[in-house]
Amino acid sequence: MTAPNVFSSKSDVAYAELRSKVLTGELSPGTRLAQYDLAAALGMSITPLREAIRRLSSEGLVSLDAHRDVRVAPMNATEARQLLEVRLSLDPSAVELAATRRTDDDLAAMRDSVARLLPVTRQWGEEALTAHREFHRALYRASRNDVLIRMLDDVWDKSDRYRRMGLDLPPGHEPRTRDLDEHHQLLELVRSGDGPGAAALMREHITQSLTASAIDALEEHAGGDAGS
């Protein structure tokens, strides 16, 4: 009777490992996944690996063809724009709730995370992206809405592929400095209980974000390809 649990555990391990590699770009878009090699590297049979791949396929992170070939899903401007639109809807709601529901512990977590923020540039890379996420997640947690937090976590994960693209854009000093300033402003607005002010700033923050710049570049590239 324990076999199903063991299977589930191995499938979960494979899912988490592959998902992380796709989202961080370690497995780049279009990469073919050699299933038997991956299963061997993860120390498991092919069955739990295939279950993990089905889960990733349902999320749109890998694609399957008729020949059971598996590849990392390509990145495209349409998906990126849709993810940004969802964030523009959910993030302001989360931060507005946080301004009315935050506890002293929430504020302490936000202060700790904002103190670790770095400019999101090629120089700081993953360290900056991790710190950036931790601050936003501290804001989300303060909303005290578990459904909203889970939805934002998923959107953030999927946006990470596009966010990392932004690291390769020409380094603009002003936008990166503005991002840091706005994080401090968001913390102060939540601390003071100004929900509408925090929501308005969050909308502007997302609209002018590194992810938005990466999407603009993707759309420009797609438009250039269509016209060529």
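Residues are numbered from 1 along each chain as its sequence is written, and side-chain values use heavy atoms, with hydrogens and water left out. Because the model is predicted, local features need pLDDT of at least 70 and side-chain atom pairs count only at pLDDT 80 or more, while totals for chains, interfaces and linings use all residues.

The mean pLDDT of the protein chain (pLDDT is the predictor's confidence in each residue, from 0 to 100) is 85, and 86% of the residues reach 70 or more. Residues 1-7 have pLDDT below 50, and beyond near neighbours in sequence this stretch has three contacts in the model, a contact being heavy atoms within 4.5 Å. Where pLDDT is low, the predicted coordinates should not be read in detail.

The protein chain has ten helices and two strands. Helices (H or I, at least four residues) and strands (E, at least two) are DSSP runs, numbered from the N terminus. In order from that end, the elements read α-α-α-β-β-α-α-α-α-α-α-α. Of the 228 residues, 44% count as buried; buried means under 20% relative accessible area, exposed over 50%, and partly exposed in between, with a 1.4 Å probe and protein chains only. Among contacts between residues at least 6 apart in sequence, 74% join residues at least 24 apart.

Next come the nonpolar cores, each a set of buried Ala, Val, Leu, Ile, Met, Phe, Trp, Tyr and Cys residues joined through side-chain atoms within 4.5 Å. The largest has 29 residues, of which Val95, Met110, Phe135, Leu139, Leu186 and Val190 touch the most other members. At least two residues of this core come from each of H4 (77-101), H5 (104-115), H6 (125-141), H7 (146-166), H8 (173-192), H9 (195-207) and H10 (210-227). Helix H4 gives the largest share, six residues. Leaving aside neighbours within four places in sequence, Leu186 is in contact with Val95, Phe135, Leu139, Ala198, Leu201 and Met202. A second, separate core holds 19 residues, among them Tyr15, Leu23, Ala39 and Met44.

The structure holds one aromatic pair. The ring centres of Tyr140 and Trp156 lie 6.5 Å apart with the planes at 70°, so the pair is edge-to-face. For this count, rings of Phe, Tyr and Trp (its six-membered ring) pair if their centres lie within 6.5 Å; planes under 30 degrees apart count as stacked, over 60 as edge-to-face and the rest as tilted. Because Tyr140 lies in helix H6 and Trp156 in helix H7, the pair ties together parts that are 16 residues apart in sequence. Tyr140 is buried at 3% relative accessible area, and Trp156 is buried at 2%.

The charged end of Arg163 sits over the ring of Trp156, 3.9 Å from its centre. Arg55 lies over the face of Tyr15, 3.7 Å from the ring centre. The criterion is NZ of Lys or CZ of Arg within 6 Å of the ring centre and within 35 degrees of the ring normal.

Asp153 is found in helix H7 and is buried, with a relative accessible area of 14%. Not counting residues up to four places away in sequence, Asp153 touches Arg133 and Arg137.
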